[in-house]
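Please read it alongside the model shown here.

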Amino acid sequence: PAYLTSLLPRYNPSHSLSLEKQLICPICLEMFTKPVVILPCQHNLCRKCANDIFQSSNPYLPTRGGTVATGGRFRCPSCRHEVVLDRHGVYGLQRNLLVENIIDMYKQECIRLEKVDQPVCEVHEDEKINIHCLTCGIPTCSMCKVFGSHKDCEVAPLNSIYQTQKTELSDGIAMMVGNNDRIQGIISQLEETCRTIEVSHPVCEKFDHLYAILEDRKRQMNLKVNAEQEEKLNYIRGLTRKYGDHLESMTKIMETGIQTMEEPEMAVFLQASNTSHLERVERGYENMDHYSVSFKREGRALRSIDFARGTFFTSQDDNW
């Protein structure tokens with residue numbers, strides 16, 4: 001019994017329908033009726049349905065009291081497997097007691113669920129709710145319609161209202177699903193539009209190209225300016241070292257100059273104080289003004305761009 005109970009479905013309509021399909025006879029298309037016979041191919045049939053098939057397949061076999069008195073054969077309606085019967089005919093097949101017990105318990109469970117699930121009237125506790133009051137819009141019982149608070153109301157069978165409202169709800173859900181699909185499509189289009197907008201605009205790429213050109217020109221100018229600055233600095237530093245060396249030597253000469261102040265020989269005195277052999281820096285040598293740029297014209301052109309009107313300045317090399 002515990003094993004059979006585990007085979008029964010919980011209160012779930014989809015599970016009940018699934019189990020019920022397994023308990024349908026392929027001949028009469030009804031739930032198996034006792035006794036149920038199990039064929040050698042393991043398929044089940046009602047004994048009456050199996051006997052009808054056997055007699056129709058063996059119409060010339062002798063019978064006694066409506067029962068075949070000798071053996072014969074027929075094909076299983078489910079798998080077409082040929083079933084060979086002995087002299088007992090269909091009555092010699094083994095009964096499937098497990099399926100019979102499952103059917104009994106299934107029917108009992110369905111009856112119990114019907115009793116549990118069908119509500120009763122709050123006013124008339126012994127009466128089940130079986131009609132729907134159209135005036136008040138609530139389900140009620142027949143006693144309420146005859147003697148109770150709904151005797152002057154318009155009522156309808158509960159089943160018809162149930163089917164109508166269930167159909168309306170199903171149609172509403174289907175409509176909502178369709179609307180959700182359309183809304184999801186619109187959302188996808190909007191998301192794609194956002195991705196398109198987020199892609200860099202061609203005008204931004206043109207500015208990037210302009211920046212790249214300016215950076216390249218700036219780099220070239222820096223190379224030239226730095227090279228000339230380094231050349232001049234090296235030259236000036238060299239002169240500085242020469243003058244420093246000369247100053248150091250002159251200092252030493254001055255230390256001995258006092259001693260030679262009374263040198264009577266004029267040539268020796270003048271030779272010691274001569275600096276004409278040292279180089280001199282030309283006037284304006286340090287000036288770097290010959291490196292100059294002017295962006296006035298370009299600045300006016302950039303400030304004149306009107307992006308809203310699509311106006312762009314042009315140069316001889318490229319279109320911006």
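Phe54 is buried, with a relative accessible area of 0% (buried means under 20%, exposed over 50%, partly exposed in between, with a 1.4 Å probe and protein chains only). The model is predicted: local features need pLDDT of at least 70, side-chain atom pairs count only at pLDDT 80 or more, and totals for chains, interfaces and linings use all residues. Residues are numbered from 1 along each chain as its sequence is written, and side-chain values use heavy atoms, without hydrogens and water.

**Aromatic pair**
- The structure holds 1 aromatic pair (ring centres of Phe, Tyr or the six-membered ring of Trp within 6.5 Å; planes under 30 degrees apart are stacked, over 60 edge-to-face, the rest tilted).
- The ring centres of Phe54 and Phe74 are 6.0 Å apart with planes at 70°, so the pair is edge-to-face.
- Phe54 lies in helix α3 (residues 47–57) and Phe74 in strand β5 (residues 72–75), 20 residues apart (DSSP runs numbered from the N terminus: helices H or I, at least four residues; strands E, at least two).
- Phe74 is also buried, at 3% relative accessibility.

**Strands β5 and β6**
- β5 and β6 run antiparallel, joined by 4 bridges (strands pair if DSSP finds at least two bridges between them).
- Phe74 has Val83 in β6 as its bridge partner.
- The hairpin has 6 residues between its strands, and Arg80 takes a positive phi near 65°.

**Exposed residue**
- Val293, in the loop between α8 (266–272) and α9 (296–303), counts as exposed at 58% relative accessibility.
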